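Subject: Structure handover

Hello,

Please find the structure below, with the sequence. My notes follow it, grouped by sheet, core and residue.

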Amino acid sequence: MVTAKNPILTGFYPDPSICRAGDDFYIVNSSFVYAPGVPIFHSRDLAHWEQIGNVLDREEQLPVVGSEISRGIFAPTIRYHEGIYYVCFPMPDEGIYMTTTKDPFGKWSEPVNIRPGAGWIDPCPFWDDDGKAYLVAGVAKSRIGYKSVLHMVEMQPDGMGLIGDE
């Protein structure tokens, strides 16, 4: 039996999102305006974690130079679906972005803004049993004027765009 102490990640790693792929587990966290962005950790037992990189590792992927700390990347989500890892992250003043990889230890694709517009937070992509994909996200009152509402919209199966309206 493996035991772990809380927190499992020592340091400043807010808004964790975790996924499992086979025997492997991955966590991503908010990075706000800090670069490189979106740290990613790997574990085999949920108790011992090692940082394996950052999803955003180039400055041009994270245009936040000179921004206030309340800007940047909030609450990313990591998912694994049919051999591909997806990280979906909001920049509440710009929209919701998606990036992918087949190897989370390697390079991630260039992020694509799949949901432009201010106010979007806490995105979560998911793939239903019928093969359709969806994106669920909340809104930030500080950016859009209301809160406590979730929006769901169909997503392209590859995660790189939305279909229709919520």
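The model is a predicted one. Arg79 has Tyr86 of β6 standing opposite.

There is also an open sheet made of four strands in the order β1-β2-β3-β4, again with antiparallel pairing. Because β1 and β4 stand at the edges with a single partner strand each, one side of each has no neighbour in the sheet.

Strands β3 (residues 37-43) and β4 (residues 50-56) run antiparallel and are joined by five bridges; Ile40 has Gly53 in β4 as its bridge partner. These two strands, β3 and β4, form a hairpin with six residues between them. In the turn, Leu46 has a positive phi of about 65°.

His42 is a residue of strand β3. Is His42 buried or exposed? With a relative accessible area of 15%, His42 falls under the 20% cut-off, so His42 counts as buried. Its side chain makes a polar contact of 2.6 Å with the side chain of Asp24. Beyond its neighbours within four places in sequence, His42 is in contact with Asp24, Phe25, Tyr26, His48, Trp49, Glu50, Ile52 and Phe105.

In soluble globular proteins, nonpolar side chains tend to be buried together. The largest nonpolar core here has 20 residues, and Ile40, Val55, Ile78 and Val87 are those with the most contacts inside it. At least two residues of this core come from each of β1 (17-21), β2 (24-28), β3, β4 and β6. The strand that gives the most to this core is β6, with four residues. Ile78 touches Ser17, Ile18, Cys19, Tyr26, Val28, Ile40, Tyr86, Val87 and Trp108, leaving out residues up to four places away in sequence. Another core lies apart from the largest one. This other core has 13 residues, including Met98, Ile114, Ala133 and Ala137.

Where is Gly159 placed? Gly159 sits in the loop between β11 (151-155) and β12 (162-163). Its relative accessible area is 0%, so Gly159 is buried. Setting aside its neighbours within four places in sequence, Gly159 is in contact with Tyr86, Met98 and Ile114. Of these, Tyr86 stands opposite Arg79, while Met98 and Ile114 are among the residues of the 13-residue core. Gly159 and Tyr85 are 74 residues apart in sequence, and their C-alpha atoms are 11 Å apart in space.

Regards

Methods. Residues are numbered from 1 along each chain as its sequence is written. This is a predicted model: local features need pLDDT of at least 70, side-chain atom pairs count only at pLDDT 80 or more; totals for chains, interfaces and linings use all residues. Side-chain values use heavy atoms; hydrogens and water are left out. Buried means under 20% relative accessible area, exposed over 50%, partly exposed in between (1.4 Å probe, protein chains only). Contact means heavy atoms within 4.5 Å. Two strands pair if DSSP finds at least two bridges between them. A polar contact is a pair of N or O atoms within 3.5 Å; within protein, one must be able to donate a hydrogen and the other to accept it, and residues adjacent in sequence count only if both atoms are side-chain atoms. A nonpolar core is a set of buried Ala, Val, Leu, Ile, Met, Phe, Trp, Tyr and Cys residues joined through side-chain atoms within 4.5 Å.
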